[in-house]
Amino acid sequence: MPPAETAWGPSDPVPGVVAAGGALDVPTLLDAYSHGIFPWFGDDQPILWWSPDPRMVLRPQDFRLHRSLRKTLQVFRQQMPRCEVRIDHAFNEVIAACAGSPRPGQSGTWILPQMQEAYRALHRAGHAHSVETWIDNELVGGLYCVALGRSVFGESMFARRTDASKIALAALVAFCRHHGVQAIDCQQNTAHLASLGASEWPRAPFLAHISDACKQPAIPTWQFDPIYWNELLPAPQ
């Protein structure tokens, strides 16, 4: 994998592209993510590897818990065990749901079958995780991410009920706060992510953060304890 710093710039045909081709196997994905590079391509393209500059990043401490979402989380927590967050309970279903969710301005999905299988393999290797919103034993929303050391890379979300993906993201933020994760990579800038507190980082400081975070001990257990909600909400009386 070429260095992320060699990515095409603003004056090049496709800004942010580092390389084309290669494989989507676990060693290649781990090498790419540990150097701030991720795959993203369409079904009529070769595998494309990206390192955009700037990079959209959500610091867990900067997460904006808007009033409406705060109320939703409070109700969700009060209704346990009907309502719960699970991690890695249904990874395959989560990534399939993300692939099948329509996106504004997109006619298809970048989460192609070969991408799904690649991240399933990464999940089996212990480096990809799903954070899931469950209501009455039904999966209603969630997200999946990649984790190396204390670095977390968000990939995609889906929702089958209102705010279900936001609940999963809030749970990931609370989980990251508890475990000392300093930043969640969001890859591309969107108005939705910006409204939740994400901001753009120049490539150089982002790569420096990734280099340091990937060297730190991995989070030992990916499980969601309801006490983690205390990172975002007042502790229940």
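## Arg86 and its surroundings

In this predicted model, Arg86 is in contact with Ser130, Val131, Glu132, Trp134 and Asn137, once its neighbours within four places in sequence are set aside. Arg86 belongs to strand S5, which covers residues 83-87. Is Arg86 buried or exposed? Its relative accessible area is 14%, so Arg86 is buried, since the term applies under 20%.

Two polar contacts involve the side chain of Arg86. One, of 2.8 Å, is made with the side chain of Glu84.

## Helices H1 and H4

Helix H1 (residues 26-34) and helix H4 (residues 113-124) have axes that come within 10 Å and cross at roughly 85°. H1 is therefore roughly perpendicular to H4, because angles of 65 to 115 degrees fall in that class. On the H1 side, the contact is made by Val26, Leu29, Leu30 and Tyr33; on the H4 side, by Ala118, Tyr119, Ala121 and Leu122. Sorted by class, the contact of H1 with H4 has eight nonpolar residues, no polar residues and no charged residues.

## The nonpolar cores

Which residues touch the most other members of the largest nonpolar core? In this core of 45 residues, they are Leu24, Leu29, Tyr33, Trp49, Tyr119 and Tyr144. Helix H3 (residues 91-100) gives the most to this core, contributing six residues. A second, separate core has 41 residues, including Met56, Phe76, Ala147 and Trp222.

Not counting residues up to four places away in sequence, Leu29 touches Leu24, Pro39, Trp49, Ala118, Tyr119 and Leu122. Among these, Ala118, Tyr119 and Leu122 are residues of H4 in the contact with H1.

## Helices H2 and H5

Helix H2 (residues 67-78) packs against helix H5 (residues 164-178) at an angle of about 80°, and their axes are 11 Å apart. This angle makes H2 roughly perpendicular to H5. H2 takes part in the contact through Leu69, Thr72, Leu73 and Phe76, while H5 takes part through Lys166, Ile167 and Ala170. The residues of this contact divide into five nonpolar, one polar and one charged. Phe76, from H2, is also included in the second core.

## Glu200 and the residues around Pro54

Glu200 is placed in strand S10 (residues 199-201). With a relative accessibility of 45%, Glu200 counts as partly exposed. Residues up to four places away in sequence aside, Glu200 touches Pro54, Arg55, Met56 and Asn189. A polar contact of 2.8 Å joins the side chain of Glu200 to that of Asn189. Glu200 and Arg55 are 145 residues apart along the chain, yet their C-alpha atoms are separated by 5.2 Å.

Pro54, one of the residues touched by Glu200, is found in the loop between strand S3 (48-50) and strand S4 (55-58). A cis peptide bond joins Asp53 to Pro54, with omega of about 10°.

## Further backbone features

Another cis peptide bond joins Met80 and Pro81, where omega is about 5°. Pro81 lies in the loop between H2 and S5.

Asp88 is not a glycine, although its phi is positive, at about 60°. Asp88 is located in the loop between S5 and H3 and, at 24% relative accessibility, counts as partly exposed. Gln187, likewise not a glycine, has a positive phi of about 70°. Gln187 lies in strand S9 (residues 184-187) and is buried, with a relative accessible area of 8%.

Definitions and conventions. Residues numbered from 1 in each chain as written. Heavy atoms only, no water. Helix = DSSP H or I, 4+ residues; strand = E, 2+ residues; numbered from the N terminus. Buried < 20%, exposed > 50% of the residue type's maximum accessible area, 1.4 Å probe, protein only. Polar contact = N/O pair within 3.5 Å; in protein donor to acceptor, adjacent residues only side chain to side chain. Contact = heavy atoms within 4.5 Å. Axes fitted to C-alpha atoms, helices over the stretch in contact; angles between N-to-C directions. Parallel < 35°, antiparallel > 145°, perpendicular 65-115°, else oblique. Nonpolar A, V, L, I, M, F, W, Y, C, P; charged D, E, K, R; others polar. Core = buried A, V, L, I, M, F, W, Y, C linked by side-chain atoms within 4.5 Å.
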